[in-house]
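Me: I'd like to go through this one with you and keep asking what stands behind each label. Ready when you are.

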Amino acid sequence: MYKTIQLIGALLLAGGPLFLTVIWRPALRVASAEERPPLDAALVRWLRLGLGVGLALLALGVLWELLSVAAALSNASPFSAATWNQLGRVLAETDRGRLAILRVIAAVALWLAVRMIAAVPRTAASSALWHAAAAAAAVGLFLTFSLAGHAATVARAKLPAIAADLLHFLTASSWGGGIWYFAFLPWRRLATAEGLPVAREIVRRFTILGLTAVALIIATGLFMSSQYLWGLPALFETRYGKDLLWKHILLVVILAAAMDNRYNVRLRLLGRVGTAPQPERVVRSLRGNVWLEAVAITLVVVIAGFLTTASAETRKPVPVRVTIEDFAYKPRTIVIPRQKPVRLTVVNNDRVTHSLAVRRFPYEGPRSHAHDPSAVGAGDFVLYVPPRSRQTVVFIALEFGTYRVVDVLEDYEDRGMTGTLVVK
């Protein structure tokens, strides 16, 4: 969860300057001279609030992460003296601690630069300097995420993966962070005949940004997935792959809303400027799509936070197949390697539901198959297979040994549904 909080804070920090300088202020050029100052002031108030919230969230997430690490190392409460003493060692002696310090420094630098950009107009040279500072701080901020993630640890081609991961973060922040500032625009002013030209220009600019961002996010995401996952089946058989699928489903929802803004709402804006008896209806439709995108992108960030902490399945698993037929396991002795991914497929040819449970089996795998209430022991591995069907799961055996395999349903164990799992 602390990764999710940090990512949301980083998106608010990085999305603000881009929305202000690429979308909002260029769009204000079509407004009258009287409308520009109040419109700009209305967004700048929200921008400063968003920057403050973003910086606070990122700092809170970093502190939470470091305290969690220190508490685990000291084997004490996160708020104990031992944990706080350990925190100093984590900051000074670990790469994770050093990256956390750099992350906070970059966030503060970005916050200061954006506040200067949002302030009163300044000379072109001074403005360019603060924009360059904001861009450098944003790159530095997201580089700390890339260096601490899968790109720098498990990817097969580390430098290309880090570059793709950094581009992925920067693209998502420019769009995902900007959408929240889009959601808090002064809609009442934009819903007037004088404000509709500005709304139309905002939609045009932000839609181009959104479609470009989605294309880059999908491209970099596919490349990174090829580095982390062992193949297409991993999308459906591993926790990391399933989370990745949900992330892309949400991206499709966001893309649909962006396309509606581009080809429906914008056309209505073009036809109603200055002549619409109820221009607020068009702007209300636009606002609804923007809020849909904002909520969806937040869910994407939540999933991304979990993906950064989930294990990425980089090794191709060993295929193992077990058939259940005539109330018996075939083969009765299953042999698997230790500390390597195993892709277990259980085929049930009987007319009743069966299970394959491994007693007191230390393993790493999806939670959906662990600690099942119908299993005899909390540490059992349990896989249920409906009649005339199959189930597949990927897991890693953690310890050598011989383990008892049984069917925990009905009285099938007493009827002879037993076997052996050998880890060697």
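**What the labels rest on**

Reply: Let's start with the inventory: the chain has 12 helices and 10 strands. Helices (H or I, at least four residues) and strands (E, at least two) are DSSP runs, numbered from the N terminus. This is a predicted model, where local features need pLDDT of at least 70, side-chain atom pairs count only at pLDDT 80 or more, and totals for chains, interfaces and linings use all residues. Residues are numbered from 1 along each chain as its sequence is written, and side-chain values use heavy atoms, with hydrogens and water left out.

Me: What makes α2 and α4 roughly antiparallel?

Reply: Helix α2 (residues 36-74) and helix α4 (residues 95-118) pack at an angle of about 175°, with their axes 11 Å apart. Axes are lines fitted to C-alpha atoms, for helices over the stretch in contact, and angles run from 0 to 180 degrees between N-to-C directions. Angles under 35 degrees count as roughly parallel, over 145 as roughly antiparallel, 65 to 115 as roughly perpendicular and the rest as oblique. The pair α2 and α4 is therefore called roughly antiparallel. Residues making the contact (heavy atoms within 4.5 Å) include Leu51, Leu55 and Leu58 of α2 and Ala107, Val108 and Trp111 of α4. By class, the contact has 15 nonpolar, two polar and five charged residues; Ala, Val, Leu, Ile, Met, Phe, Trp, Tyr, Cys and Pro count as nonpolar, Asp, Glu, Lys and Arg as charged, and the others, Gly among them, as polar.

Me: And why are α3 and α4 called roughly perpendicular?

Reply: Helix α3 (residues 81-93) and α4 pack at an angle of about 80°, with their axes 5 Å apart. That angle therefore puts α3 and α4 in the roughly perpendicular class. The contact is made by Val90, Leu91, Ala92 and Glu93 on the α3 side, and by Asp95, Gly97, Arg98 and Ile101 on the α4 side. Those residues divide into four nonpolar, one polar and three charged.

Me: How do you know whether Arg103 is buried or exposed?

Reply: The relative accessible area of Arg103 is 2%. Buried means under 20% relative accessible area, exposed over 50%, partly exposed in between (1.4 Å probe, protein chains only). Arg103 is therefore buried. Its place is in helix α4, and, leaving aside neighbours within four places in sequence, Arg103 is in contact with Lys3, Gln6, Leu58, Val62, Glu65, Leu141, Thr144, Phe145 and Ala148.

Me: Which label do Gln86 and Ala56 get?

Reply: Gln86, in helix α3, has a relative accessible area of 16%, so Gln86 is buried. Not counting residues up to four places away in sequence, Gln86 touches Ala70, Leu73 and Ser74. Ala56 lies in helix α2 and, at 46% relative accessibility, counts as partly exposed. Ala56 and Gln6 are 50 residues apart in sequence, yet 9.3 Å apart in space, C-alpha to C-alpha.

Me: What makes Asp326 and Arg360 exposed?

Reply: Asp326 has a relative accessible area of 62%, so Asp326 is exposed. Arg360 counts as exposed because its relative accessibility is 68%. Asp326 lies in the loop between β1 (318-324) and β2, while Arg360 is found in the loop between β5 (354-358) and β6 (363-364). Phi is positive in Asp326, near 55°, and also in Arg360, near 45°.

Me: Where is the cis peptide bond?

Reply: The cis bond joins Lys330 and Pro331, with omega about 0°. Pro331 sits in the loop between β2 (329-330) and β3 (333-336).

Me: What makes something a nonpolar core?

Reply: A nonpolar core is a set of buried Ala, Val, Leu, Ile, Met, Phe, Trp, Tyr and Cys residues joined through side-chain atoms within 4.5 Å. Of the 76 residues in the largest one, Trp24 and Phe182 touch the most other members. The largest share of this core, 12 residues, comes from α2. Apart from it lies another core, of 25 residues, among them Val322, Val346, Tyr363 and Ala397.

Me: And how much of the whole chain counts as buried?

Reply: Of its 424 residues, 49% do. Among contacts between residues at least 6 apart in sequence, 74% join residues at least 24 apart.
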